[in-house]
Amino acid sequence: MGIKNLSSYIQRRNVAKKYRLRDTKLVIDGKNLCHELMETSYTGTKYGGNYDVFSEHVEKFFDLLRNCNVKPYVVMDGAHDSDDKKFECLLERCEKRISKISDGSKKCFPILSHRCFTYTIIKLGIPIETCYYEADHEIASLAKSWICPVLSNDNDFYIYDLPGGFIRLNDLNFNRRTKTECFTYIDTSIYYSENIHESLGISPSVLPLLVVFLDNDYYKLDKTIIKQFVSKELKISAKKAEHKLKKSIDVMIEILRPFADTSEGIDALSRCLDNHIAFLSNEEKGQIIDKAKVILKQFSLQNVTETENNLFNSEARNEITPAIPFPSWLIQSIRNCDISPFIINVLDKRVLLKPNLEDLTQEFIYEITSAIRQIIYKMATGKTLQEVIVEHHRENCHMVQTRILPITSNLKLGKIPTLNMMQGTEEEVKLNCLSNIFQFPLEKLVMIPKVSRMFILALNYLAKNSGLKQSTKGMKCLLFCHLLLLSKEYGHIYDLPVDSVCVEKVFEYCADDHGVPFDIALLHEFQKLQIVIDILYDLNGLFMFPLEIPNPNVMYKSGLMYPLFTKTDNENHLDRIIETCFEKDSPLRVTFLEILKLLLENLK
């Protein structure tokens with residue numbers, strides 16, 4: 001939720017306790033951890049995403065926890081809440097991101113980060129689940145039922161009553177652990193609810209009222225209302241109230257301290273609205289109170305028990321029928337992090353397409369997949385929804401919205417299949433649908449190794465629908481890099497040996513940034529590949545996974561693909577590097593030439 005200035009305020013009060021993290025369950029805010037690990041992976045964000053570096057960093061983090069006998073449970077955010085309580089804030093963040101790119105920023109959260117993060121965690125065998133919507137309440141509920149800490153950077157967790165405590169990601173030293181004769185632990189700090197309440201002099205049941213009166217992502221009271229509230233509660237003039245509000249947290253704690261519970265605070269706000277706010281109608285005043293009550297309910301953890309929590313509890317989850325009209329297999333795929341929860345937002349008839357590192361003078365990078373999104377919209381909505389889907393997206397340097405109709409039919413696909421039709425449909429039929437959507441014949445697709453099919457479909461689609469159509473060099477570069485990454489990650493499984501010395505030389509050649517100009521127009525084209533891969537992950541899931549799902553770290557490595565294309569003077573230069581790296585008649589060279597031939601034939 002992001003309550004402004006709350007973290008720094010609480011830290012200044014020195015309420016944190018020294019803590020040795022070991023021998024415990026730990027409920028982790030997955031979105032927060034994903035962002036933190038990407039930030040601390042150093043080269044992870046470079047040129048749009050080095051997912052091999054990121055994946056290794058994620059593995060090291062969880063190895064650190066395992067060595068301390070910490071049992072992590074990772075909880076991911078789901079779709080954007082449908083009640084609009086945060087959507088305006090999300091749009092503002094998109095505008096700020098556009099502004100940073102416009103100012104020359106070369107850094108943005110890589111497109112496939114969450115997929116790489118969840119894939120790596122699943123591979124490690126660590127429990128991970130996605131919530132239907134925002135995860136904070138479910139994280140807090142689970143931690144309270146288990147009486148274990150929460151790990152996050154979200155300052156909402158200062159507000160929740162967490163008997164097991166709250167550990168800030170920023171306080172955790174990822175690279176250091178202490179080993180004794182008896183056990184291994186991580187030195188960190190922890191915030192317990194009782195210490196926070198004691199320091200502030202405010203009861204646990206009243207603390208959530210801070211969210212109502214302080215700036216946050218969900219709920220913002222008009223400043224005039226807050227000023228009147230302070231004036232009347234402290235019995236001071238409006239001018240003095242305005243002066244006191246320069247330290248808003250201090251004054252709100254002063255006002256809320258005498259209240260016995262949240263209902264007293266809501267009653268006081270209601271009196272202020274009724275008696276001192278003339279510019280609002282009674283209906284508008286009622287809406288303010290209703291919204292405040294909804295926010296406060298978010299922080300209520302009363303009667304939470306382990307058996308009632310449906311996270312990591314298959315029996316409890318099976319007894320609950322979610323208010324999301326998807327087949328059970330799809331709900332399970334979303335919960336298991338196999339399909340992005342963005343599909344839930346389709347039901348809410350609103351999709352947010354976030355800008356990324358791209359050329360703002362060119363068409364929005366998501367535009368390349370607009371026809372595919374229409375197919376997804378139709379599959380998700382079926383026959384029950386006739387309204388259009390509203391897409392919020394970048395146009396030039398601003399966020400705008402466009403009304404999109406779901407596609408009801410396609411010349412090659414015919415009638416778009418519904419989600420309820422997926423079970424029982426033969427794998428070959430599903431695969432044929434995907435190959436048609438991504439404009440690559442099925443008879444050619446089955447000639448490609450299974451682990452590479454997803455990447456080849458994406459690369460082919462990119463080549464047909466972007467500037468790469470005129471660049472054989474670009475296609476060769478991306479395919480070559482994919483096979484290098486594939487051999488590094490899966491070579492021992494798929495019998496794709498490669499000269500490791502040559503591979504390392506290519507990696508070193510690309511890692512040397514000297515002579516690599518930052519060409520935003522070129523990067524724009526490479527970013528489109530990530531967008532196509534991203535939507536293919538979801539569409540593959542909606543067709544019940546006829547394509548093998550590889551880790552994104554073999555699909556894209558910006559620090560390899562972008563520099564290699566940039567530093568090779570021409571196609572012949574690139575060909576010489578490929579010939580040096582792939583020995584003649586080796587399995588990997590044969591695979592490269594066969595796939596390249598199929599791609600080039602399909603472009604004619």
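Predicted model: local features only at pLDDT ≥ 70, side-chain atom pairs only at ≥ 80, totals over all residues.
**Contacts, rings and burial**

Me: Is S231 buried or exposed?
Reply: Buried means under 20% relative accessible area, exposed over 50%, and partly exposed in between (1.4 Å probe, protein chains only). S231 has 6% relative accessibility, so this residue counts as buried.

Me: Which residue's backbone oxygen lies 2.6 Å from a polar atom of the side chain of S231?
Reply: A polar contact is a pair of N or O atoms within 3.5 Å; within protein, one must be able to donate a hydrogen and the other to accept it, and residues adjacent in sequence count only if both atoms are side-chain atoms. S231 lies in helix α9, residues 223-234. Helices (H or I, at least four residues) and strands (E, at least two) are DSSP runs, numbered from the N terminus. The backbone oxygen at 2.6 Å from the S231 side chain belongs to I236.

Me: How far is the backbone oxygen of L484 from the side chain of S487?
Reply: S487 is found in helix α21, residues 472-494. At 10% relative accessibility, S487 counts as buried. Its side chain reaches the backbone oxygen of L484 at 2.8 Å.

Me: Why is the Y158 and F166 pair edge-to-face?
Reply: The structure holds 17 aromatic pairs. Rings of Phe, Tyr and Trp (its six-membered ring) pair if their centres lie within 6.5 Å; planes under 30 degrees apart count as stacked, over 60 as edge-to-face and the rest as tilted. Y158 and F166 are both buried. Their ring centres are 5.0 Å apart and their planes stand at 80 degrees, so the pair is edge-to-face.

Me: What is the angle between the planes of F364 and Y366?
Reply: F364 and Y366 are both buried. They form a tilted aromatic pair, 5.1 Å centre to centre, with the planes at 35 degrees.

Me: Which residue lies over the face of F565?
Reply: A charge sits over a ring if NZ of Lys or CZ of Arg is within 6 Å of the ring centre and within 35 degrees of the ring normal. R350 lies over the face of F87, at 3.8 Å from the ring centre. Over F565, at 4.2 Å from the ring centre, lies K473.

Me: How many residues of helix α24 are buried?
Reply: α24 spans residues 558-567 and is mostly covered. Its buried residues include L560, Y562 and F565.

Me: Which residue in the turn between β10 and β11 has a positive phi?
Reply: Two strands pair if DSSP finds at least two bridges between them. β10 (residues 389-395) and β11 (residues 398-404) pair in the antiparallel sense over seven bridges, and E391 stands opposite T402 in β11. The two strands form a hairpin with two residues between them. The turn residue with a positive phi, about 55 degrees, is N396.

Me: What share of the residues of the protein chain counts as buried?
Reply: The chain has 26 helices and 13 strands. Of its 604 residues, the buried share is 57%.

Note on methods
Residues numbered from 1 in each chain as written. Heavy atoms only, no water.
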